Amino acid sequence: VEFTFPPTSGAGGSEVTLTLTPPRHGVTVFFDERPLPKRVLEDGRLLVVTVPSDASTGYFELELGGRRYRAAQVFRVR
């Protein structure tokens with residue numbers, strides 16, 4: 001599972017759209033080890049999450065089928 005999320009920085013509380021390749025259902029999204037609520041769009045291709053307002057810079061991770069997939073790049077919280 002690969003995913004991208006432009007832009008790679010934002011304020012705490014901002015929405016971020018993760019684009020999954022290939023699209024997946026049943027994915028749990030984490031930011032800095034914290035599970036995030038999400039909206040699933042385009043049949044699992046897009047996941048919209050909100051960075052916690054009290055978060056600091058960290059990594060998005062996806063959990064699918066008991067495995068975790070960590071983003072290659074950090075998300076900088078301003």
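Tutor: Let us begin with contacts, keeping in mind that this is a predicted model. Once its neighbours within four places in sequence are set aside, Gly 12 is in contact with Val 51, Pro 52, Ser 53, Val 77 and Arg 78.

Student: Where is the place of Gly 12?

Tutor: Gly 12 sits in the loop between strand 2 (9–10) and strand 3 (15–21). In space, Gly 12 and Thr 57 are 9.3 Å apart from C-alpha to C-alpha, although 45 residues apart in sequence.

Student: Does Gly 12 count as buried, partly exposed or exposed, and why?

Tutor: Buried means under 20% relative accessible area and exposed means over 50%, with partly exposed in between. Because Gly 12 has 28% relative accessibility, Gly 12 counts as partly exposed.

Student: And why does Phe 30 count as it does?

Tutor: Phe 30 counts as buried because its relative accessibility is 8%. This residue belongs to strand 4 (residues 28–31), and, leaving out residues up to four places away in sequence, Phe 30 touches Pro 35, Leu 36, Tyr 59, Phe 60, Glu 61, Glu 63 and Arg 68.

Student: How do strand 8 and strand 9 run, and how many bridges join them?

Tutor: Strand 8 (residues 60–64) and strand 9 (residues 67–70) run antiparallel and are joined by four bridges. Within this pairing, Glu 61 stands opposite Arg 70 in strand 9. The two strands form a hairpin with two residues between them, and Gly 65 in the turn has a positive phi of about 60°.

Note on methods:
Residues numbered from 1 in each chain as written. Predicted model: local features only at pLDDT ≥ 70, side-chain atom pairs only at ≥ 80, totals over all residues. Heavy atoms only, no water. Buried < 20%, exposed > 50% of the residue type's maximum accessible area, 1.4 Å probe, protein only. Contact = heavy atoms within 4.5 Å. Pairing = 2+ DSSP bridges.
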